[in-house]
2 protein chains.
Amino acid sequence: MRVDAAHTANVVGAFALLLADRMTDEVGAAATQAPSGAAALSALRHFLPADPTVDLVRQVLGLTHSGTVRLVDRLEAAGQVRRGPGPDGRSTTVHLTAAGRRAADRVTAARATVLHDALAVLDPAERRQLDDLAGRVLLGMRRGPGATRWTCRLCDTATCGRLDGRCPVAGPDPPTFSG
Amino acid sequence: MRVDAAHTANVVGAFALLLADRMTDEVGAAATQAPSGAAALSALRHFLPADPTVDLVRQVLGLTHSGTVRLVDRLEAAGQVRRGPGPDGRSTTVHLTAAGRRAADRVTAARATVLHDALAVLDPAERRQLDDLAGRVLLGMRRGPGATRWTCRLCDTATCGRLDGRCPVAGPDPPTFSG
DNA sequence: ACATATGCGTGCGGAAGTCATATAACGGAC
DNA sequence: GTCCGTTATATGACTTCCGCACGCATATGT
């Protein structure tokens with residue numbers, strides 16, 4: 001079986017598309033929110049500092065101001081987040097409610113389930129190979145933190161290794177949205 | 001560096017999400033259409049028999065009837081497809097115009113560019129590894145052809161190996177939407 | 001022939017997001 | 001201390017894309 005670069009590109013493209021579709025579907029269902037809502041819940045749970053401002057959420061999700069306001073409106077209407085006063089008199093902060101934390105955890109779990117099921121056909125050595133290869137490709141695709149649709153959205157920081165140097169993306173110049 | 005299943009799942013999830021995002025963006029721009037329009041052009045160019053009916057397009061893309069009608073409306077308004085009479089008095093067929101074929105080819109090329117750029121950090125042996133691993137995961141995730149969002153949407157049948165047995169998905173029970 | 005199923009199109013509405021704009025608060029210049 | 005540009009949030013009008021319910025035409029089985 002001959003395998004050239006074009007063939008690999010095709011297989012990897014189908015692989016990424018199918019996995020992303022499944023994750024999007026399951027994660028949206030778990031959040032009872034549109035995909036962007038699920039991403040927001042995950043970001044609030046995993047990346048963002050406590051009580052981030054609306055604009056910080058906007059930067060992470062790569063939406064417009066008004067789109068973010070509408071998104072927060074939806075999450076607030078669903079009882080998953082609450083707005084609060086900001087450190088600044090003009091800014092408002094967003095924080096998860098208990099229901100929001102539960103929804104965010106469901107999102108993380110749903111994503112993990114899709115991925116575990118998909119990778120179950122590989123044995124541990126093969127998973128290590130895939131981990132290494134995917135990690136290096138990810139690192140190569142890294143963009144600045146300002147890029148829309150942040151790379152690590154939906155990641156589970158408890159296991160991604162972000163905190164202990166095992167995240168392939170958090171390299172010498174780790175993404176940050178604070179500066 | 002310890003690598004467990006949860007870590008691999010995270011990396012693969014981020015990898016799939018980022019690649020899918022890039023493909024969606026580039027492919028939509030190449031088609032001057034929404035993502036579903038790009039998928040339709042690709043399907044018409046690569047999978048579907050000549051002059052498929054609107055309903056066959058619907059099955060492949062996993063939309064509702066009316067959604068498909070609107071989609072075909074958009075493509076027709078953009079001069080990328082034309083409707084024609086069907087074999088059946090009640091059905092209408094869809095076929096690409098010259099502009100539609102060009103747009104479909106741009107879609108395929110845009111997808112390939114994203115993937116080639118991403119995989120450029122790997123050497124040929126590593127690409128072969130990834131090809132094998134991703135192909136096996138894909139095979140494990142395969143669903144029936146009726147599943148919404150068909151697995152191979154956007155694939156490039158000229159290089160995917162569908163025709164000569166190298167496509168990991170076209171196994172002993174190849175997807176078909178004719179029966 | 002008549003009932004049912006199939007396939008296409010349409011009116012209506014909703015979900016999600018953008019653009020332009022409004023409102024309010026901060027920060028510096030002078 | 002007042003004025004003015006900037007920042008941050010919110011709102012209104014609009015667009016895009018899609019689904020549901022329905023109508024209509026055609027095909028198919030009894």
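**Contacts between the chains and with DNA in a predicted model**

The surface near DNA strand C comprises six nonpolar, 11 polar and seven charged residues. The structure described here is a predicted model. Of the 24 residues around DNA strand C, those that come nearest are A34(A), G67(A), G89(A), D55(B) and S66(B). Both protein chains supply helices to this surface: helix 4 (65-77) of chain A, helix 3 (54-61) of chain B and helix 4 (65-77) of chain B each give at least two residues. The most is given by helix 4 of chain A, with five residues.

DNA strand D is likewise surrounded by 24 residues, of which D55(A), S66(A), S66(B), G67(B) and G89(B) are the closest. At least two residues each of the surface near DNA strand D are supplied by helix 3 (54-61) of chain A, helix 4 of chain A and helix 4 of chain B. Here helix 4 of chain B gives the most, with five residues. Divided by class, the surface near DNA strand D holds six nonpolar, 11 polar and seven charged residues.

The two protein chains also touch each other, in a contact that takes 54 residues from chain A and 53 residues from chain B. On the side of chain A that touches chain B, two or more residues are given by each of helix 1 (5-31), helix 5 (98-119) and helix 6 (124-141) of chain A. Helix 1 of chain A provides the largest share of that side, 18 residues. In terms of class, the side of chain A that touches chain B consists of 32 nonpolar, 11 polar and 11 charged residues.

Within the contact between the chains, helix 1 of chain A meets helix 6 (residues 124-141) of chain B. Their axes come within 9 Å and cross at roughly 40 degrees. Helix 1 of chain A and helix 6 of chain B are therefore oblique to each other, and the crossing is left-handed. From helix 1 of chain A, the residues involved are A5(A), H7(A), T8(A), V11(A), V12(A), A14(A), F15(A) and L18(A), which meet R127(B), L130(B), D131(B), A134(B), G135(B), V137(B), L138(B) and M141(B) in helix 6 of chain B. The contact of these two helices has 11 nonpolar, three polar and two charged residues.

A further pair of helices is formed by helix 6 of chain A and helix 1 (residues 5-31) of chain B, whose axes come within 9 Å and cross at roughly 40 degrees. That angle makes helix 6 of chain A oblique to helix 1 of chain B. Helix 6 of chain A passes helix 1 of chain B in a crossing that is left-handed. Among the residues of helix 6 of chain A in this contact are R127(A), L130(A), D131(A) and A134(A); those of helix 1 of chain B include A5(B), H7(B), T8(B) and V11(B). By class, the contact of helix 6 of chain A with helix 1 of chain B contains 11 nonpolar, three polar and two charged residues.

Chain A also contains paired strands. Strand 1 (residues 81-85) and strand 2 (residues 92-96) of chain A pair in the antiparallel sense over five bridges. In this pairing, V81(A) stands opposite L96(A) in strand 2 of chain A. Strand 1 of chain A is joined to strand 2 of chain A by a hairpin through six residues. In a regular strand, side chains alternate between the two faces of the sheet.

Conventions
Residues numbered from 1 in each chain as written. Chains lettered and ligands numbered in written order. Predicted model: local features only at pLDDT ≥ 70, side-chain atom pairs only at ≥ 80, totals over all residues. Near = placed C-beta within 6 Å. Helix = DSSP H or I, 4+ residues; strand = E, 2+ residues; numbered from the N terminus. Nonpolar A, V, L, I, M, F, W, Y, C, P; charged D, E, K, R; others polar. Contact = placed C-beta atoms within 7 Å. Axes fitted to C-alpha atoms, helices over the stretch in contact; angles between N-to-C directions. Parallel < 35°, antiparallel > 145°, perpendicular 65-115°, else oblique. Left-handed = near helix turned anticlockwise from the far one by under 90°. Pairing = 2+ DSSP bridges.
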